[in-house]
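User: Hi! Could you walk me through this model? I'd like to go piece by piece.

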Amino acid sequence: MTLRKVVRERILTEMLGSLQEDWMVLVADAHATSVLSAACRNSDVLERKVTLVESLARQRQPLPTYTALYFVAPTDESVSLVIRDWEEPPIYAKAHLFFTDHIPGPLLDKIGNSRLAPRLCTLKELYLDVRAVESAVFVPCAQKDGSPLPMLPLPMDSSTLQKAAREIVTLLYTLKERPIVRHQNSPAAAALAQVVTQQLDAQVLTSTVEPRGTLLLLDRSVDLAAPLLHEFTYQAMLYDLVRNDLRGVHYTHTFVNNGGNTVVREVLLDEYDPLWVEFRHRHISEAAPEIAKSFQQFAQSTKGALGMPKRDSREMDMSKLAEAVRAIPQHQEKANRFSLHINLVDRLMTMFRVERLEPIALLEQSLATGELPDGSKPNEAEQRKELDRILLDANVSVERKLRLILLYGFLSMKSALRYRLPSYGGKVPLEPTRSSHFASPDGNGSPSRLRNARTFSDDRPDGSLCWR
């Protein structure tokens with residue numbers, strides 16, 4: 001069973017399935033909502049006698065005949081907002097209160113001394129502070145402002161360490177694992193490992209899985225190159241190249257419909273999109289033709305269902321066929337999914353060519369791996385020349401140039417050239433203190449497949465859990 005399914009099952013059985021109520025209103029704070037939405041769809045919740053899902057932070061309409069089910073983080077702010085609902089007159093009939101994690105004693109006393117206490121039917125700590133964003137990927141948000149931990153091995157204060165450790169321990173509790181804890185030889189990883197071990201010992205958590213797993217804690221210093229490299233798996237390209245149209249799993253899809261009108265629609269790229277799940281970790285050079293092939297197979301089968309004559313896929317009028325398919329309700333959602341991913345892949349491939357990413361990626365990979373695509377060793381002088389050429393190219397964005405400079409600084413065995421930003425405005429290239437002009441290498445117009453890459457990538461889970 002995947003991590004998302006485990007989290008979903010716990011939410012549906014240990015929280016929603018444990019209550020004998022006719023109809024309830026589910027009220028969640030922002031933190032608990034992120035846990036809930038990562039693992040469950042709205043329909044999963046509404047099928048469990050929940051008539052309404054509301055935000056704890058917003059003013060809500062009084063429903064004095066309904067039972068409230070609160071799912072919140074054990075923070076003073078969230079507890080205060082819950083208690084506020086029960087000031088005279090209370091806005092619900094009675095309450096069930098579930099916390100994502102352990103609730104401190106002072107907050108428990110605060111609840112016991114409030115008007116909520118006489119109407120409180122359930123108070124339970126779920127130990128479910130896990131955002132399972134993919135089947136084998138979870139994302140911690142351990143800082144006070146809700147943002148992820150810093151990527152670099154920066155010192156963390158005690159409260160941040162404790163919160164990060166709690167999220168890891170609740171993950172292990174959910175998986176029923178008591179692993180052996182190992183860590184990188186760095187101050188940040190060692191400090192976190194120590195706190196995790198202390199909390200595991202305090203939980204008296206025993207493993208039901210044999211053999212015991214190993215929890216390996218690393219900080220970003222183990223591989224500084226990975227965040228700077230251009231990766232060419234479908235998901236990695238999307239998050240790198242079109243990030244302005246992405247908010248988490250929400251993508252703003254702009255397209256022209258059959259009537260010639262421009263349509264803007266927000267779509268979800270999540271576990272419930274089978275095409276996304278199948279192709280997101282595939283190299284774009286594999287994903288593009290496979291998505292097209294899958295659509296042609298779908299179109300052919302649909303064409304037969306429509307009573308249209310089957311012909312070779314190369315002879316099909318795809319626009320007319322797509323229009324006919326979308327006209328039938330049972331095929332519309334799937335056709336829209338194919339349309340979305342064909343559009344996305346085409347957009348990414350176009351950006352790859354227009355923004356001339358091939359020479360940039362080849363230089364990045366040769367710097368990171370110490371090898372060329374044919375397996376030979378790169379010439380350092382040639383690498384420097386190619387770096388100069390890219391930095392002088394006005395068509396390459398400043399961000400990509402800065403990524404190359406940082407990568408070169410991290411990985412070069414010798415001192416990197418010093419680069420300065422120009423003091424005047426406008427779209428200009430970063431200027432090196434020494435430079436030469438060289439002809440651009442020939443390219444084949446598609447992302448290159450590189451051999452024997454030795455960099456660590458946390459964008460491609462291979463069955464083990466990935467913390468990113």
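Analyst: Happy to! Helices (H or I, at least four residues) and strands (E, at least two) are DSSP runs, numbered from the N terminus. This is a predicted model, where local features need pLDDT of at least 70, side-chain atom pairs count only at pLDDT 80 or more, and totals for chains, interfaces and linings use all residues. Residues are numbered from 1 along each chain as its sequence is written, and side-chain values use heavy atoms, with hydrogens and water left out.

User: Great. How many residues of strand 3 are buried?

Analyst: Six of the six residues in strand 3 (67–72) are buried. Thr67, Leu69 and Phe71 point one way, while Ala68, Tyr70 and Val72 point the other way.

User: And what does strand 3 pair with?

Analyst: Strand 3 runs parallel to strand 1 (residues 24–28), joined by five bridges, and it also pairs in the parallel sense with strand 4 (residues 94–99), over six bridges. Two strands count as paired if DSSP finds at least two bridges between them. Leucine 26 is opposite leucine 69, and threonine 67 is opposite lysine 94. From strand 3 the chain passes through helix 4 (residues 76–84) to strand 4, in a right-handed β-α-β crossover. Right-handed here means that, with the strands pointing away from the viewer, the path from the first strand over the helix to the second runs clockwise.

User: Nice. Which residues touch the most other members of the largest nonpolar core?

Analyst: Those are Tyr234, Leu238, Val242, Tyr251, Leu269, Ile284 and Leu348, in a core of 44 residues. Helix 12 (329–354) is one of the helices that supply at least two residues each, and helix 12 gives the most, with nine. A nonpolar core is a set of buried Ala, Val, Leu, Ile, Met, Phe, Trp, Tyr and Cys residues joined through side-chain atoms within 4.5 Å.

User: What does valine 242 touch?

Analyst: Leaving out residues up to four places away in sequence, valine 242 touches Met237, Tyr251, Arg347, Leu348 and Met351. Contact means heavy atoms within 4.5 Å. There is also a second, separate core of 26 residues, with Ile11, Met15, Ala39 and Leu126 among them.

User: Switching topic: is glutamate 167 buried or exposed, and why?

Analyst: Glutamate 167 counts as buried because its relative accessibility is 2%. Glutamate 167 is in helix 6 (residues 158–175), and its side chain makes a polar contact with the side chain of lysine 163 at 2.6 Å. A polar contact is a pair of N or O atoms within 3.5 Å; within protein, one must be able to donate a hydrogen and the other to accept it, and residues adjacent in sequence count only if both atoms are side-chain atoms.

User: What about threonine 197?

Analyst: Threonine 197 is partly exposed, because its relative accessibility is 29%. Threonine 197 lies in helix 7 (residues 187–203), and a polar atom of its side chain is 2.8 Å from the backbone oxygen of alanine 193.

User: Last one: how many residues of helix 13 are buried?

Analyst: 12 of the 13 residues in helix 13 are buried, including Leu357, Glu358 and Thr369. Just after helix 13, glycine 370 takes a positive phi of about 70 degrees.

Methods:
Buried means under 20% relative accessible area, exposed over 50%, partly exposed in between (1.4 Å probe, protein chains only).
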